[in-house]
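Trainee: Can we go through this one together? I have a few quick questions.
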2 protein chains.
Amino acid sequence: MTGITRTRTCPPPMNDGGAVREVFDRISDKWSLLVVGALREGPLRFGELEKAITGISQRMLTLTLKHLVQDGLVSRTAYAEVPPRVEYEVTPLGKTLVPLVIALAEWAIEHRDEINANRRGALPPTGS
Amino acid sequence: MTGITRTRTCPPPMNDGGAVREVFDRISDKWSLLVVGALREGPLRFGELEKAITGISQRMLTLTLKHLVQDGLVSRTAYAEVPPRVEYEVTPLGKTLVPLVIALAEWAIEHRDEINANRRGALPPTGS
DNA sequence: CCGCATCCGATTTGATACTG
DNA sequence: CAGTATCAAATCGGATGCGG
């Protein structure tokens, strides 16, 4: 039988038993998506990433990169030279995520004003 | 001088001076995207959300909803009846974010195994 | 230059109990 | 049912110092 009698209008990708949550918990921390976004155009050195992502601390960059490398989203290449050089780059797997990050970034830019307006302006008419 | 020979291939949507960061800081907390995703198909009551998002605490759900309402991504409708009923729903603005969340969720499902394999299996060949 | 380890304060989170 | 309040715990995040 095979009848998939699903009454839903579209296949709900959430609620698959935790797969989404599992991955979301990884990428929805404060910096992961920013780092992936920063690497969208090509490899970057540690210091370059630090400058590209304003506000991130060395510690958080290190930790975030370690996680991303562990998950296989980013690759790390250390060149044994003096001075040392280390480059980070999105892996093929990471590349598949980049477009989504960019889409999210574009959404953020596009709706930033509206969100800010809501956040500040939603005051009641009692304002006199 | 001059020579910024930066070969920029496409307009980088990041680094616009903080707009992305501003919004990202809002939505990249642990629960916001999950809540938006849970509301993708229609209004849900408080308790329904609690059940839909496994693992969230009452407190976190309350706080997250409050933020989302404040930002205008979610609307809250309280019906003055007994027992009380409150429904949450994505606003038109929130609806524009839903597709991105779904895309992210689909990505998560699609690459979950690969990520987990990397996380666990990246062990050195010493595995005897 | 890269990046890890430690200390320490700030923020976030969750369990529980209580109100409308 | 929906939401608040309080407290303790866990985590985050930054500054600093050290090692490769």
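Trainee: How far is a polar side-chain atom of A:Gln58 from a base nitrogen of DNA strand C?

Mentor: The distance is 3.4 Å. Keep in mind that this is a predicted model, where local features need pLDDT of at least 70, side-chain atom pairs count only at pLDDT 80 or more, and totals for chains, interfaces and linings use all residues. Residues are numbered from 1 along each chain as written, chains are lettered from A in the order written, and side-chain values use heavy atoms, without hydrogens or water.

Trainee: And which atom of DNA strand C is 2.7 Å from the side chain of A:Tyr88?

Mentor: A phosphate oxygen, facing an N or O atom of that side chain.

Trainee: How many residues surround DNA strand C?

Mentor: There are 19, with A:Phe46 and B:Arg59 among the closest. Near means a heavy atom within 4 Å.

Trainee: New topic. How many residues of chain A and chain B are in contact?

Mentor: 50 of chain A touch 53 of chain B. Contact means heavy atoms within 4.5 Å.

Trainee: How much area do the two chains bury?

Mentor: About 4900 Å², 68% of it on carbon and sulfur atoms. That is accessible area (1.4 Å probe) lost on being put together, summed over both parts.

Trainee: How many salt bridges cross that interface?

Mentor: Four, by the rule: a side-chain nitrogen of Lys or Arg within 4 Å of a carboxyl oxygen of Asp or Glu. A:Glu22 pairs with B:Arg112, with the closest N and O atoms 2.9 Å apart.

Terms used:
Polar contact = N/O pair within 3.5 Å; in protein donor to acceptor, adjacent residues only side chain to side chain.
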